[in-house]
Amino acid sequence: MRAIILLGLVLAGGAAMADEDPLEAGRLLFEANCVACHGEDATEGDGGDIRGVELGTVRRATHGIEAMPEFDFTEDELRALTAWLDSL
C-alpha cells in the first residue's frame, strides 16, 4: 500500500513539474523517494554521500543498482532531483 501511495505522489509531482520551481520539485521528490534510505541530508545509506552527484549518476542509480530500487522518473524529475542534491 505504501508503494502505491509513493507512486501516486511521484506521478502527481511529475504533473506539477512545469509550474514548480525545480529545486522545490527536487526536494519533494527526494523527501518522497530517497530520504528513508539516504537520510535528510543525503549522506547516509549504502551509497554514502550523494550530495552534488551528476545527472548521469542519478539517472543510472534510479534504474536500480546494488541496494537501490528502480524508479521511473521523467527527465525533468531527474534534473530537479539532481539540482536538489547539488544544493545540499
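**Burial, core and cysteines**

Student: Is Thr 82 buried or exposed?
Tutor: Thr 82 has a relative accessible area of 12%, where buried means under 20%, exposed over 50% and partly exposed in between (1.4 Å probe, protein chains only). This is a predicted model, in which local features need pLDDT of at least 70, side-chain atom pairs count only at pLDDT 80 or more, and totals for chains, interfaces and linings use all residues. Residues are numbered from 1 along each chain as its sequence is written, and side-chain values use heavy atoms, with hydrogens and water left out. At 12%, Thr 82 is therefore buried.

Student: Which residues does Thr 82 contact beyond its neighbours within four places in sequence?
Tutor: Thr 82 lies in helix 5; helices (H or I, at least four residues) and strands (E, at least two) are DSSP runs numbered from the N terminus. With contact taken as heavy atoms within 4.5 Å, the partners of Thr 82 are Val 53, Glu 54, Leu 55 and Val 58.

Student: How are the rings of Phe 71 and Phe 73 arranged, stacked or edge-to-face?
Tutor: Rings of Phe, Tyr and Trp (its six-membered ring) pair if their centres lie within 6.5 Å, and planes under 30 degrees apart count as stacked, over 60 as edge-to-face and the rest as tilted. The whole structure holds one aromatic pair. The centres of Phe 71 and Phe 73 are 5.3 Å apart and the planes are at 0 degrees, so the pair is stacked.

Student: How far from Cys 34 is the nearest cysteine sulfur?
Tutor: A disulfide requires a pair of cysteine sulfur atoms within 2.5 Å, and a search of the whole structure finds zero disulfides. Cys 34 is in no disulfide, and the nearest cysteine sulfur, belonging to Cys 37, lies at a distance of 8.5 Å.

Student: Which of these cysteines is exposed?
Tutor: Cys 34 has 8% relative accessibility and so counts as buried. A relative accessible area of 55% belongs to the exposed residue, Cys 37.
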